[in-house]
Amino acid sequence: MRKNNAYLFGRSLRRSGPWTPAEVEKICRRARAAAAPLAAASPEYVLDTLDAVGRFCGDKKGAWYRGAFREMKEYSGFSAETVALLLDSLPRMFSRAETEKRLALEVGLPGALEGCVPRDGYAGEVTASPRGAVLHVTAGNVFIGAIDSLLMGMLTRNANVVKASSGGGAAIAHFARALKKCDRRGLLASSVAVLEWPGGARELELAAASSVDAVMVWGGEQAVSAWRSAAPSTVHVAGFGPKMSLAVVMPSALAAEGAAAVAEKIARDASFAEQQACSSPQDVFIVDPALRRRDPLAREFRLALAAGFRKAAAEIPPGPLSFDEQAELTRARGLAKIDAAAGAAALESAFPSTDWTVIAEKDARFRPSPLNRTLYLKCVDSLGDVAKAVAARRGMIQTAGVAGTLAERREVARRLSPLGVARITRAGAMLEAPPGSPHDGTFPMRELVRFTGVEGAPSAVDVLSELTEHARSKSPFYRKHLRGVPPIVSEEGFRKVPLLTKDHILANSPPDSTAMFTAPVRGGVYFASGGSTGSPKYIFFEDREHDKVSRFFAASMMSAGLTGEDRVANLFVAGNLWSSWLGVERALALTPAVSVPVGSALPLPVIAAYLRDFKVTVIVGLPSFLLKFAEFIREHRKEYPFPLRTILFGGEYAGPEMVRFFRSVFPGVSVRSVAYASVDAGMIGYQCPHCPGAVHHLFESGQYMEILDPATGLPVKPGATGELVVTVLQKRHMPIIRFRVGDLGRWVEGPCRCGRADRRFEILGRCDDRIHAGGAHIFVGDISRAVASVRGLSLNFQLEISAGKGGDRLKLRVETRGAAPAPKGTEAALLAALRKNCRDMADSLDMKWLAPPELEVLPAGAIERVARTGKIRRVIDRRVKA
């Protein structure tokens, strides 16, 4: 039957005669012409199209699968079972989850193919571009290798020409037809060509190599050298020569699993694709000096390998061998018989069948196998002996499959990496490399792109300008929000960008809107924000953004004094889209400290017992909960001793009174902010040991902060108080630009004693912590000091303001400390404390501009908490109507 054995940019054809150099040159130049449109395609289009190809190829009932099965069985010579296994790998290989991860890990700079991205430690940015037209020179009968090379070319948005070996074009062209079927836009399908010609056709090699931008050669050393010499110096040639692999068996695996189970894994590794893959084991080294002395030919394990091969043959029958393959196998068995007669070897095989062969040798040197399920078995004393045995094959060993512990795999890597071994994996998984594994000691996908460095760290204006234009072009909300704002060329120009409020976020974020988003949601996390003041907002962080926030958070905790000697109890609220508990856990994983993730939902005695039992040195949580916990410990300190040295708080302000109370319960404890952050903006500031009170360093690599005069909207003078406004520099999926955090603050001038260059600022309370009522300016911090000065009261309170007939009215709710009722005269003492600490309030009371506040003394825990967060709404202003 005549078959189509070529594919040219969307057209399948049957080529019976040889290609001419002129034809090959024309095809490669056409690929070059197709490269530019594909390079400009979106990554979403490429990833989604390839995902569709994988699903299409996985339809076993479809005509394409049946045709592919016939083509590939004929081309490879493999058994039907082996061909089915190879075809069944295509859906996973092309799945979006797999290709997206692989692209990020192998190129190494996520987003670089779309634009300039920062690189850690580099004073500048890096971008990547496809090379253009790539020629893939494939060899052998493992057709999956050719398809994988083509896949890498498509993922990096190159145009691709696949040169198959004689007879291989039909199978790969059949795959290209699946690509055409699934490619709705046609860009990928029209940028691929598949040809076949025999190796060594020098004129064709010269024509092809001079007409493309890169060549990926998969073949022997001779083939790689031939293509390098054929290509001009301007054409990049990446060669991947044939490699061999080995298995290492440690005594720990034999003791834990038994010889039969370990041997079965290795035999299966050697049976898949008839050992044709570079990662198929050819030699097996048992590292056991006692066994080498007792039984150097490892009879038990040798027989176990034979049993493993028999089992594999029943599940995956071997394919027929060519005459040359049979001759090689017969020669290897004959030599083994001669050595066996001299006591230097032992042979187990399926004779008279060629299905499998095991040859045990006393000679420890690595011996290349004739393949087709043939293993050489060696006993050695140490991993050093394994290294000596493969030293002569330096640079030719690809994979070591280890039956042993993780520590033993690491030791194998230490010993064999200098010899060029590229992969260390588990025995039984030698042909299952995860996305991002190096191949031949490098990452082939990096050979398919060019990297360009944009030197010099971008200025603040550069970053703000690029971020603003990105948001304007990609986000429906920002397109309207920034209407009329000219391109940003200065910090003064940036101040023309309207401020972003919580109401903006609420109206333009899920569940009702995605207008703030610059791309569809994929790979990330949602958090809720704003539950202490009303309906929560839902904030989305893309995976890379969330990872960056976690790294900032970890750096913040380390700056506050966290060390590898610490055991940290996370007492934040978990679940309910709450970010702090999860954020602490992710951040702690990036520090040397030990996490004790207790949470705050358990009864206080249970929490205290955990802290005692694990000898916790650091607690982190919401101040209102930490206060409740400290009150419990004060009453039960003898039952629950633990060596606390640091309290890290976040989510609420902890004033001087609260800090003094913590230190009265835990003498000598350091009380610091875990970070200055918001769910909307992520990590904004951090404290070092030299930051007193509410002073923080700004995370300048991630945040641009302005401190603005609320009346004019202009920056305040140095040291003056203003409203904090932040722009998140590295949040691009849901940009946060000029966001009103809701806090007052001021810049702290001068360098910090810690030596860090990040500027410092001081948080001076919430913008709504300054209440105007009855002619008085009342600050929540003043009320906090008044409450703290009254014996028997906790630091939890709530101020309610309402409008009465005679003017504004105040109601102050406070809680007692512990279970005891408030002492007699508490209300009078509280009123006196308010007059003393809130001078404006005292003046308004004296002038009769403000009625005396209503005071409500409640039992501990009686003030209503926000159910989602456990916070107390400090101020309820009922004069404000929704």
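Predicted model: local features only at pLDDT ≥ 70, side-chain atom pairs only at ≥ 80, totals over all residues.
Trainee: Which residues touch the most other members of the largest nonpolar core?

Mentor: A nonpolar core is a set of buried residues joined through side-chain atoms. Here the largest one has 65 residues, and Ile684, Met705 and Phe761 touch the most other members. Helix H22, residues 543–559, gives the most to this core, with 5 residues. A second, separate core has 64 residues, including Tyr65 and Phe143.

Trainee: What is isoleucine 684 in contact with, leaving aside its neighbours within four places in sequence?

Mentor: Its contacts include Tyr676, His697, Leu698, Met705, Val726 and Phe761.

Trainee: How is a pair of aromatic rings described?

Mentor: By the distance of the centres and the angle of the planes. In this model the count comes to 16 aromatic pairs. Phenylalanine 56 and tryptophan 64 form one that is tilted, at 6.2 Å centre to centre with 55° between the planes.

Trainee: Is tryptophan 64 buried or exposed?

Mentor: Buried means under 20% relative accessible area. Tryptophan 64 counts as buried because its relative accessibility is 9%. Phenylalanine 56, with a relative accessible area of 26%, is partly exposed.

Trainee: Where in the chain do phenylalanine 517 and phenylalanine 540 lie?

Mentor: Phenylalanine 517 is in the loop between helix H21 and strand S18, and phenylalanine 540 is in strand S19, 23 residues apart. The two form a tilted aromatic pair, 5.8 Å centre to centre with 45° between the planes. Both are buried. Ring pairs link Phe517, Tyr526 and Phe540 into a cluster.

Trainee: Which residue lies over the face of tryptophan 19?

Mentor: Arginine 15, at 4.2 Å from the ring centre. Lysine 337 lies over the face of phenylalanine 351, at 5.2 Å from the ring centre.

Definitions and conventions
Residues numbered from 1 in each chain as written. Heavy atoms only, no water. Core = buried A, V, L, I, M, F, W, Y, C linked by side-chain atoms within 4.5 Å. Buried < 20%, exposed > 50% of the residue type's maximum accessible area, 1.4 Å probe, protein only. Helix = DSSP H or I, 4+ residues; strand = E, 2+ residues; numbered from the N terminus. Contact = heavy atoms within 4.5 Å. Phe/Tyr/Trp six-rings, centres within 6.5 Å; stacked < 30°, edge-to-face > 60°. Lys NZ or Arg CZ within 6 Å of the ring centre and 35° of its normal.
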